[in-house]
Amino acid sequence: MPPEYAARGHFSVKSDVFSYGVIVLEIVSGKKNREFSNPEHYNNLLGHAWTLWTEERALELLDEVLGQQCMPCEVIRCIQVGLLCVQQRPEDRPDMSSVVLMMTGDKLLPKPKVPGFYTEIDVTFEANYSSENRKLGSMQDRKWKLENVKASPANTSTSLDSLAVSKSIRDGQTLVSAGGILEVGFFSPGDSTRRYLGVWYNTLPSLTVVWVANRNTPLYNKSGVLKLNEKGILVLLNATNSIIWSSNISTNAMNNPIAYILDSGNFVVKNGHETNKDSVLWQSFDYPGDTIMPGMKLGWNLETGLERFLSSWKSDEDPAEGEYTMKMVRRGYPQIMKFKGSHIITRAGPWNGLSTAANPGISNEISQKFVFNEKEVYYEYELLLRSAFRVYKATPSGTGQSLFWTTQRRTRQLVTTLDEDQCENYGFCGANSICNYDGNHPTCECLRGYVPKSPDQWNIAIWFDGCVPRNKSNCKNSYTDGFVTYTNLKLPDTSSSRFNTTLNLDECRKSCLKNCSCTAYANLDVRDGGNGCLLWFNALFDMRKFSQWGQDLYIRVPASELDHVGHGDIKKKIEITVGVIIFGLVTCACIFMIKHPGTVRKLYSKHYKTQLRKEGDDFPTFNLSVLANATENFSTKNKLGEGGFGQVYKGTLIDGQEVAVKRLSKKSGQGIEEFKNEVALVAKLQHRNLVKLLGCCIEGEEKMLIYEYMPNQSLDYFVFDETKRKLLDCHKRFNIISGIARGLLYLHQDSRLRIIHRDLKTSNILLDANLDPKISDFGLARSFLGDQVEANTNRVAGTYGYMPPEYATRGHFGVVVLEIVSGKKNREFSHPEHYNNLLGHAWRLWTEERELELLDELLGEQCPPSEVTRCIQVGLLCAQQRPKDRPDMSSVVLMLNGEKILAKPKVPGFYTETDVTSEANSSPANHILCSINELSITVLAVNRSNQDGETLVSAGGIVQVGFFSPGNSTRRYLAIWYTNVSPLTVLWVANRNTPLVNKSGVLKLNGILVLLNATNSTIWSTNISTKAVNNPIAQLLDSANFVVKNGQKTNEDGFLWQSFDYPSNTMLPGMKFGWNLETGLERYASSWKSDDNPAEGEYTLKLDIKGYPQIITFKGHDIYTRVGSWNGFSLVGYPGPTYETSPNL
């Protein structure tokens, strides 16, 4: 289950991707995710895989039984894909079309981030993992980006991960858990100036303190020091070095004790790096404050007498023990109660096997546990959602608060304020009475056999006196007593109860009857139908009615209170009535069968045929008479078209449904074999871009197929018609091309059989009412085995002009794409300059860089050039001479969606021309390199320009320059971004302070790069260079440096201008950061104003040359943080050499 669904109920196609990732890792490892265990840690399988990945030990995840038989690169690819699919955020997960390409090795794999839902199953010893073992990965592009900086505790304090003997932390320093979740340090609550040692969540914007050490003995200044002495005792010292708080002295043998704060929030002292529970010398979870957390016990250690209970703060500014406490009460059957002083306020009630009585039902978010044995009795809970956090707090006012948040949304939510209605007040209705809250006000009701003790007060809703038995119990005839069942109840106070874990419910009932003082009984445990016995004696207190959940309680009442009257008579009346009705129905059925035997036989025959169809093809059949009536006896006015195998008619069934009836010609080449083939294939296919087969008809020599009716007929009826093709604008044509591609992908890869259509052409593409495409006519289709990709045939079938070379003498989809773009037929195409068919004409235009001339002239300027070029390039790639040069349909879908780099097409197959010399001489240098989603070139020459929708791509295809809109903004900017990184990663912006308001932008080179708007005004330009200009060109380098240089010179002396001299918010490898002392040029980074506005923000990162140079972050003119100076290896703010980068000063 993905995090966003478990936490918030959100789901999308990326939810399935997450589940797929878990399955991949389970298949590779041969282990279940949830049941996974490892002696070195308590991670689930996702966490284990991530740990191995970050430590570059991914191959250790492989199932050990596979040994050396698997190729390491294949194993690593599978693991990487699995981790990419289980990313925390849905937008970071690939879609399944990308996954398919990743698995086949056709797509570059990005680096995975931390997976979702991988927090440790047992968080008792998270601290065993050092911060080095918890690395979340390196910087993806080895770049340093200055974002909108936020202040954090790390900016103002020093943090450690453990405290060794004789070590200490002072006020201003903290201990941080291994996962960075919890922090120990000094704080002042509310407006108080007093200082306390506490534990709080490090990941929340608002301070959420969960434990306080010196809650009753505050520090009065910031002189506090926390120290771990040689005895393994934590001591808190004040300014005079006096101990104001210390941990209990442990009797456990000490061996190199260390103090840790765990990710669970447990502050522990234990022996070194030991992992067993006996190594814990002391833990804060044994001394709760006002908060209970996952994994914390609430109850008693019966061997030592240690009681773990919650106590509220005195006020929001004083964490000293307040007047409210929550405890496990051991009288009778143990239960949780809340006290104000010594008075009971509310009662959570006893444990029923699933939950406490006051909180019935099973939660999908938490796993609750109750332990009761000779050593201890306690309640605790764990979170099932690994990315979620939930704590319960006892507030100074006595109310209970349950706070919830997730790693995605780090804002606390008040899930519920417990004790929210009066029925939760202990004994609100007094003894022997049930409280019922209808959402507005409470009401009280006496138990059966009981009456109000004070009727006058009871009648005016004063219920405190409760109820008393109507008749006093007489132990001499108590064996005649019975029980009344109450359902969905909060069970009564168990302080005066007895329990037995072995008795069943019937034995429990008998046990209660044997004791004259027993007033009620119930199951001790509701699981598995109920077991165990809980008996109450004397008065019953604090019961309430729930609308659902709750538990059954059996109340003892005298025989006189039992309702015997009428019960047996009603049951008998019901049995007689049902019997009479059944007898009447059987009699009527027999009479009908005797009088109408023919009708019965027809009904039986129809049922028998239907049953046969269900056992066979599960496919509807139509009678010939029904189809003849629907098509007006196959009237020519209803004829939709005619193909090689017969005619197609429009029909209207009796219910008004319009259908298309394909009537097989008796003289056609499609005999019963082809007919059955089409039926068998299409009946198994279900896709939005395939025509739906509704049924068939086989009577005598007639063979017909009934399809859903397509009101707009076939694609050729539109795209080749001078009038109708005007209805197919650029957007609609692209949708049709994409829809056909998705339909073919389903046929080739995703259907139950691999199906090759063999006759794909525009006349076999039908259009529905919305002009969405649906592939039809499967008479020539061939199915492959699941792992087959090609086959041979002795019979050539198909339509010339669409058949690929290897099949005809023999693509399909590529030809259709070019026909849709151009509005012209391949075979009937003619041109005054040559004798090429459409394929040859498209190739000629492509090699001459005039491919946009192929576009249907009716579309004019309405189509984005990049989209047109992409479609033509995809069409040419699909029409390559050799099958191995053509992309598969999964790649085609990604190409059309702009998610895959397009290769350079070669000469297409099966195109005729008297002279192809010019095309043969075409060198690869003349081919346009298309990028992910734009029309792209590699250099910009003088007086050449790039418009919005076109890009410059670096020689290696790594980065590109083009126009974009950041975030939710509609403004346009000229920028550099990574080609193959998702989401869009912008590295540099030219006109960051002067945006374009529409898509009219043009970048032009006239020796200087100028950016023009719709009125041809310059809104940005490069600096005027004083260097000699000689045949300048603009080029984007793979380093992401956008340069203007003299011709093909490669050294920096040939650069007239470069973007690396004018950084935006990103520092890149090879970029200089600092000053040119000769020219006074300063290179520095400045943040964006916001995610939607790349204008210069208030934060800058600069090399300050006052004194010894050092790097400083400024907020306006004020120093914000300091990275520091150079020490020979690195900057002092980032000490230690790294094997990933090579810094230089």
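Gln 551 is buried, with a relative accessible area of 6% (buried means under 20% relative accessible area, exposed over 50% and partly exposed in between, using a 1.4 Å probe and protein chains only). This is a predicted model, in which local features need pLDDT of at least 70 and side-chain atom pairs count only at pLDDT 80 or more, while totals for chains, interfaces and linings use all residues. Residues are numbered from 1 along each chain as its sequence is written, and side-chain values use heavy atoms, with hydrogens and water left out.

Back to Gln 551, which lies in strand S36 (helices, H or I with at least four residues, and strands, E with at least two, are DSSP runs numbered from the N terminus). Not counting residues up to four places away in sequence, Gln 551 touches Asn 352, Tyr 486, Thr 487, Asn 488, Leu 489, Leu 491, Ala 522, Asn 523 and Val 526; contact means heavy atoms within 4.5 Å. Gly 550 sits in the loop between strand S35 (543-545) and strand S36 (551-557). At 28% relative accessibility, Gly 550 counts as partly exposed. Its C-alpha is 8.1 Å from that of Leu 491, although Gly 550 and Leu 491 are 59 residues apart in sequence.

From here we can turn to the nonpolar interior. In soluble globular proteins, nonpolar side chains tend to be buried together. The largest nonpolar core in this model has 75 residues, and those with the most contacts inside it are Tyr 201, Leu 226, Leu 234, Phe 267, Leu 553 and Ile 555. A nonpolar core here is a set of buried Ala, Val, Leu, Ile, Met, Phe, Trp, Tyr and Cys residues joined through side-chain atoms within 4.5 Å. Take Tyr 201: leaving aside neighbours within four places in sequence, Tyr 201 is in contact with Ile 181, Leu 182, Thr 208, Val 210, Met 293, Phe 389, Val 391 and Trp 405. A second, separate core of 55 residues includes Leu 690, Val 719, Val 821 and Leu 876.

The buried ones are Leu 45, Leu 46, Gly 47, His 48, Ala 49, Trp 50, Thr 51 and Leu 52. Their cover includes helix H2 (13-29) and helix H4 (72-85). Just after H3, Glu 56 takes a positive phi of about 55 degrees. Val 75 belongs to helix H4 and is buried, with a relative accessible area of 6%. Beyond its neighbours within four places in sequence, Val 75 is in contact with Val 28, Leu 59, Leu 62 and Cys 70. Val 75 and Leu 59 are 16 residues apart in sequence, and 6.9 Å apart in space from C-alpha to C-alpha.

The contact is made by Val 815, Leu 818, Glu 819 and Ser 822 of H16 and by Leu 838, Leu 839 and Ala 842 of H17.

Thr 847 lies in helix H17 (residues 838-847) and is buried, with a relative accessible area of 12%. Its side chain reaches the backbone oxygen of Arg 844 at 2.9 Å. Glu 849, in the loop between H17 and helix H18 (865-878), has a positive phi of about 60 degrees although it is not a glycine. Most residues other than glycine have a negative phi. At 47% relative accessibility, Glu 849 counts as partly exposed.

Our last stop is Asn 1041, in the loop between strand S56 (1032-1036) and strand S57 (1042-1046). At 4% relative accessibility, Asn 1041 counts as buried. The side chain of Asn 1041 makes a polar contact with the side chain of Gln 1058 (2.7 Å). A polar contact is a pair of N or O atoms within 3.5 Å; within protein, one must be able to donate a hydrogen and the other to accept it, and residues adjacent in sequence count only if both atoms are side-chain atoms.
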